[in-house]
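Subject: Structure for your review

Dear colleague,

Please find below the structure that I am handing over to you.

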Amino acid sequence: MNFFCFGLNHRTAPIEARERFAGHARSPALLRDLGCSEVLLLTTCNRVEIYGVADANIANEEIAQSLRIDGSSSKDDLEAFYRKENAECARHLFRVAAGLDSMVVGETEILGQAKRAYAEARASRNAGPVLHRLCQRAFRAAKQVRSKTQITRGPVSVGSVAVDLAEKIFGDLRGRKVLVLGAGETSAKTLRALASRGVSDLRVSNRTPARAEELARELEGIPVPFATWLEQCREVDILISSTAAEMHLLTPPLLVPILRDRADRPLFIIDIAVPRDVAPEVNEFDGVYLYDIDSLQEIASESRELRRQQLAAAEAIIDEHVADFQKHLGLPKSRMRPTKECPARASGELRTSEL
């Protein structure tokens, strides 16, 4: 038995690379064809990772190609990826689920995202006994880290960091008009963070109207039909976008007529979607200030310092779970404490510094 993790994240690859390898509906099936007996695809705004079980080694180039959404191929792209096997794969997932590997250390969204990825893998029969044990242990480790440390103090979501950025730009957010595009978990936390800062004019739009209406009711906001969200950009001060669209929703040609009606009022756009909802060229317009998910890292690093003292306790909990998991599965012992992410070799082997 051999299980592995292969992926890239906010530390190893810029958003341009994460967009190209965002994964898609056929990725698990392609990996099954390559020889994986079990497959789980975990995608968030900050990472895309494959967790797989295979009897034989599968080349990194083939795994990467299964994640690529534009159909092209280049060995140079492999430099951004990392690969972890067996015990190190387990350690990585445990840290990911606990929020220790996140841009916002201690963030809680990732555990829900990991649980949904596992549920989808189970529903499609891509997750079997190995990934079941691995994921269940990861969820237990994450729960223990949360309950026995204070790692979740301070801003603990991408949405809260996005709101911190908006507050740095505007100062007091009260009186500002905000449109949030998308109604998933990240958008919901962003809306709640905005409401907690005194924003009363909250507008939410989503492809599924019922979800937008539900969030709007909860926060006394305004539901906006998805077909008309662009018109709202004539009025709002801030647009925060977090959808699962596969192509840009806001492009320069769409924005030009909107800007003519804004009478020199600046428009701040925070795009926390991957792939991005807003074309980067939008930032070239006068009076438009566009920030993507990578732009939030500087703000996230500030909150990371607040929780650094809790990391040692959290890592100790992860150590215990990895050691027990190794013993349970009969995996060989290895030096457990990670250093930094190491890119995967083209051959599929690990670098020695990763062990």
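Helices H2 and H3 are roughly antiparallel to each other. Please note that this is a predicted model, and that every value in this message is computed from it.

The first topic is this pair of helices. H2 covers residues 27-34 and H3 covers residues 60-67; their axes cross at roughly 155° and come within 8 Å. Since an angle over 145 degrees counts as roughly antiparallel, the description given above therefore applies to H2 and H3. The crossing of H2 past H3 is right-handed. On the H2 side, the contact is made by Ser27, Leu30, Leu31 and Leu34, and on the H3 side by Glu62, Ile63, Ser66 and Leu67. Of these contact residues, five are nonpolar, two are polar and one is charged.

Helix H5 (residues 109-123) packs with helix H8 (residues 185-196) at an angle of about 160°, and their axes are 11 Å apart. H5 and H8 are therefore roughly antiparallel as well, and H5 passes H8 in a right-handed crossing. Glu109, Gln113 and Arg116 of H5 make the contact with Glu185, Thr186 and Lys189 of H8. What kinds of residues form the contact of H5 with H8? Four are charged, two are polar and none is nonpolar.

I turn now to the sheet. Six strands form an open sheet with parallel pairing, in the order S7-S6-S5-S8-S9-S10. Its edge strands, S7 (222-225) and S10 (288-292), each pair on one side only. On average, neighbouring strands are turned by 20° against each other, direction ignored. Strand S9 (residues 267-271) runs parallel to S10 and is joined to it by five bridges; in one of these pairings, Phe268 has Tyr289 of S10 as its bridge partner. Helix H9 (residues 209-219) packs on the sheet, where it touches S6 (201-206) and S7, and its direction makes about 165° with that of S6.

The last topic is salt bridges, of which the count comes to 25. One of them joins the side chains of Glu16 and Arg276, at 3.8 Å from N to O. Glu16 belongs to helix H1 (residues 15-20), whereas Arg276 is in the loop between S9 and S10, so this pair ties together parts that lie 260 residues apart in sequence.

Yours sincerely

Conventions: Residues are numbered from 1 along each chain as its sequence is written. This is a predicted model: local features need pLDDT of at least 70, side-chain atom pairs count only at pLDDT 80 or more; totals for chains, interfaces and linings use all residues. Side-chain values use heavy atoms; hydrogens and water are left out. Axes are lines fitted to C-alpha atoms, for helices over the stretch in contact, and angles run from 0 to 180 degrees between N-to-C directions. Helices (H or I, at least four residues) and strands (E, at least two) are DSSP runs, numbered from the N terminus. Angles under 35 degrees count as roughly parallel, over 145 as roughly antiparallel, 65 to 115 as roughly perpendicular and the rest as oblique. A crossing is left-handed if the near helix is turned anticlockwise from the far one by less than a right angle, and right-handed if clockwise. Contact means heavy atoms within 4.5 Å. Ala, Val, Leu, Ile, Met, Phe, Trp, Tyr, Cys and Pro count as nonpolar, Asp, Glu, Lys and Arg as charged, and the others, Gly among them, as polar. Two strands pair if DSSP finds at least two bridges between them. A salt bridge is a side-chain nitrogen of Lys or Arg within 4 Å of a carboxyl oxygen of Asp or Glu.
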